[in-house]
Amino acid sequence: MTTQIASVSEIFSSLQGEGTRMGERHLFVRFEKCNIHCDYCDELEKPGSDFDLESVLESILSLERQKGPHSYVSLTGGEPLVYRSFLKSLLPQLKQKGFKTYLETNGILWQALRDVLEWVDVVAMDVKPSSVTKEASYMESHRAFLKIALPKEVFIKMVCSKEIDLGEFKDLCLMIGQVCRDVPLLLQPVSTTVEGFQDAELMTLLGELQSIGLGILSDVRIVPRLHKILNIR
Ligand code: SF4
């Protein structure tokens, strides 16, 4: 039986603070729970509550009336693809109502992506260096995920800390290049007690990573989080 309930932390309107569509007005649906646990994660402590499909749709339509138009409905988390069945119901309804959809994902659950991709317009996927997340390596899952995402507008975000292993970074760039060297790779300084862009040493390291990346890929950028700079939600 299809699950029509998802744990949602918040539904709100704001600027997109990350990635290639930074600055656009997006309507965010933040799902609780994730399939992994990154060392630096600042989202997992946000509690959620059970929402059925109708409640999520009503909240989206109401926010669109109050604060729209929004460029995209952005599904974020946590990891939205944990709720594969829910998304298979929600996404077609959003498309039917004329919304464009933007999926923010850790880029691991490729089977779930395959099931929902037809209703997604933009895929904002992470590639996770295990030297930064202190998690397992997801190299092969990321490879499968990127191959599936490619027919859509897609970019990759990589959160980088001073602990990043340069060999691992290069291997991840090579993997991306083997799938498609023109997918934008956005390097984001990790933020813990302070926003990463304020750490001069880390920003110097990101410059070095960008040079390595540009030896393999055609588009490697360094991008901090806009919503943290502007101090908005
Ligand atoms: S993938 Fe994202 S939501 Fe999940 S633990 Fe890592 S940073 Fe947090």
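## A bridge to start with

Which residue forms a salt bridge with Lys162? In this predicted model, the partner is Glu201, and the closest N and O atoms of the two are 3.9 Å apart. The pair links distant parts of the chain: Lys162 sits in the loop between strand S7 and helix H6, while Glu201 belongs to helix H7, 39 residues away. With a relative accessibility of 44%, Lys162 counts as partly exposed, whereas Glu201, at 56%, counts as exposed.

## Other salt bridges

The count of salt bridges comes to 19. One of them joins the side chains of Arg225 and Asp42, at 3.4 Å from N to O. Arg225 lies in the loop between strand S9 and helix H8 and Asp42 in the loop between S2 and strand S3, so this pair ties together parts that are 183 residues apart in sequence. Glu10, Arg30, Glu43 and Lys46 are linked in a salt-bridge network.

## Around the ligand

Now have a look at the ligand, which takes up the space of the largest pocket. Among the residues around the ligand are Cys34, His37, Asn106 and Lys128. The shell divides into five nonpolar residues, three polar and one charged. Lys128 also forms a salt bridge with Asp126, with 3.0 Å between the closest N and O atoms. Lys128 is buried at 7% relative accessibility, and Asp126 is buried at 10%.

## Rings that pair

There are four aromatic pairs. Phe12 and Phe28 make a stacked one, with 5.1 Å between centres and 15 degrees between planes. Phe12 is in strand S1 and Phe28 in strand S2, so the pair ties together parts 16 residues apart in sequence. Elsewhere, ring pairs link Phe31, Tyr83 and Phe86 into a cluster.

Note on methods: Residues are numbered from 1 along each chain as its sequence is written. This is a predicted model: local features need pLDDT of at least 70, side-chain atom pairs count only at pLDDT 80 or more; totals for chains, interfaces and linings use all residues. Side-chain values use heavy atoms; hydrogens and water are left out. A residue is near a molecule or strand if one of its heavy atoms lies within 4 Å of it. On a 1 Å grid over the protein atoms alone, a cavity is a set of points where a 1.4 Å probe fits but cannot get out, and a pocket is an open set with protein on both sides within 12 Å along at least five of seven lines; lining residues have an atom within 4 Å of a point. A molecule sits in a cavity or pocket if more than half of its atoms lie within 2 Å of its grid points. Ala, Val, Leu, Ile, Met, Phe, Trp, Tyr, Cys and Pro count as nonpolar, Asp, Glu, Lys and Arg as charged, and the others, Gly among them, as polar. Rings of Phe, Tyr and Trp (its six-membered ring) pair if their centres lie within 6.5 Å; planes under 30 degrees apart count as stacked, over 60 as edge-to-face and the rest as tilted. Helices (H or I, at least four residues) and strands (E, at least two) are DSSP runs, numbered from the N terminus. A salt bridge is a side-chain nitrogen of Lys or Arg within 4 Å of a carboxyl oxygen of Asp or Glu. Buried means under 20% relative accessible area, exposed over 50%, partly exposed in between (1.4 Å probe, protein chains only).
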